[in-house]
Amino acid sequence: MKNYKVEITEYLQRTITVKADNESDAVAKVEGDYYNAKEVLDYSDHTGTDIEIYNPNKFIPKLDLLMQRIDKFNKDRDWDQFHTPVNLAKSISIEANELLECYQWNDNANLDDVKEELADVMNYCLQMSMVLGVDPIDIMNKKMDKTEKKYPVDKAKGKSTKYNKL
Ligand SMILES: [Mg+2]
């Protein structure tokens with residue numbers, strides 16, 4: 001048997017090394033072991049292994065897994081009842097201010113604190129996307145389409161001027 005490195009770069013961004021007789025057996029082995037989304041999610045918490053990622057199309061995208069995790073977290077606690085759009089909009093704003101608070105007295109905020117507050121903001125943004133039934137990637141790309149038009153490179157490059165004053 002030879003060692004095969006199997007890439008799953010789309011999701012875990014690592015490589016799994018498996019022993020197999022040929023390449024297709026190696027791929028099948030990795031798919032068998034890591035096809036289950038829960039296993040993949042759990043695996044991401046582990047470190048110090050040889051794992052990478054193979055065949056992204058067979059895996060649930062990382063963002064979808066995270067959204068499922070957030071959804072389950074709330075359903076398990078019966079918290080969906082509190083997550084109205086207005087409550088989530090308030091929560092996003094509150095967490096954004098907690099993020100800002102990290103820098104209140106010091107421009108060099110503690111990175112661990114910043115990461116936690118940034119995560120709070122983004123998790124609430126994802127929750128709001130779910131409550132509204134919108135795809136977060138889709139709405140961000142649509143907004144990028146608009147922003148790219150508002151700030152054409154030839155006018156905006158190197159400037160922080162608002163689009164209506166360019
Ligand atoms: Mg917070």
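With 8 C-beta neighbours inside 10 Å, aspartate 78 counts as exposed; a residue is exposed if 12 or fewer other C-beta atoms lie within 10 Å of its own, buried if there are 20 or more, and partly exposed in between, with C-beta atoms placed from the backbone. This is a predicted model, in which local features need pLDDT of at least 70 and side-chain atom pairs count only at pLDDT 80 or more, while totals for chains, interfaces and linings use all residues. Residues are numbered from 1 along each chain as its sequence is written.

**Overall organisation**

- The protein contains seven helices and two strands; helices (H or I, at least four residues) and strands (E, at least two) are DSSP runs, numbered from the N terminus.
- Along the sequence, these elements follow the pattern β-β-α-α-α-α-α-α-α.
- Of the 166 residues in the protein, 11% are buried.
- Among contacts with a separation of 6 or more, 58% join residues 24 or more positions apart; two residues are in contact if their C-beta atoms, placed from the backbone, lie within 7 Å.

**Confidence of the prediction**

- The average pLDDT of the protein is 80, and 70% of the residues score at least 70; pLDDT is the predictor's confidence in each residue, from 0 to 100.
- Where pLDDT is low, the predicted coordinates should not be read in detail.

**Packing of α4 against α5**

- Two packed helices are described by the angle between their axes and the distance between the axes.
- Helix α4 and helix α5 (residues 111-132) pack at an angle of about 165°, with their axes 8 Å apart; axes are lines fitted to C-alpha atoms, for helices over the stretch in contact, and angles run from 0 to 180 degrees between N-to-C directions.
- This angle makes α4 roughly antiparallel to α5; angles over 145 degrees count as roughly antiparallel, those under 35 as roughly parallel, those from 65 to 115 as roughly perpendicular, and the rest as oblique.
- The crossing of α4 past α5 is left-handed, a term used if the near helix is turned anticlockwise from the far one by less than a right angle, whereas clockwise gives a right-handed crossing.
- Residues making the contact include Leu88, Ile92, Glu95 and Leu99 of α4, and Leu118, Val121, Cys125 and Met128 of α5.
- Leucine 118 is located in helix α5 and is partly exposed, with 16 other C-beta atoms within 10 Å.
- From leucine 118 to glutamate 95 the separation is 23 residues in sequence and 7.8 Å in space, C-alpha to C-alpha.

**Packing of α3 against α5**

- Helix α3 (residues 62-76) packs with α5 at an angle of about 85°, and their axes are 10 Å apart.
- The two helices, α3 and α5, are therefore roughly perpendicular.
- On the α3 side, Leu66, Met67, Ile70 and Asp71 meet Asn123, Leu126, Gln127 and Met130 in α5.
- Methionine 130, in helix α5, is partly exposed, with 18 other C-beta atoms within 10 Å.
- Leaving aside neighbours within four places in sequence, methionine 130 is in contact with Met67 and Asp71.
- Methionine 130 and isoleucine 70 lie 60 residues apart in sequence and 9.8 Å apart in space, C-alpha to C-alpha.

- At 1.5 Å a residue, the 15 residues of helix α6 (residues 136-150) should span 21 Å, and the 21 Å between its end C-alpha atoms agrees; the expected span is 1.5 Å times one less than the number of residues in the helix.
- None of the 15 residues of α6 is buried, so this helix lies largely in the open.
- The 15 residues of α3 should likewise span 21 Å at 1.5 Å a residue, and its end C-alpha atoms are 21 Å apart, which agrees.
- Aspartate 78 is found in the loop between α3 and α4.
- Although aspartate 78 is not a glycine, its phi is positive, at about 55°.
- Most residues other than glycine have a negative phi.
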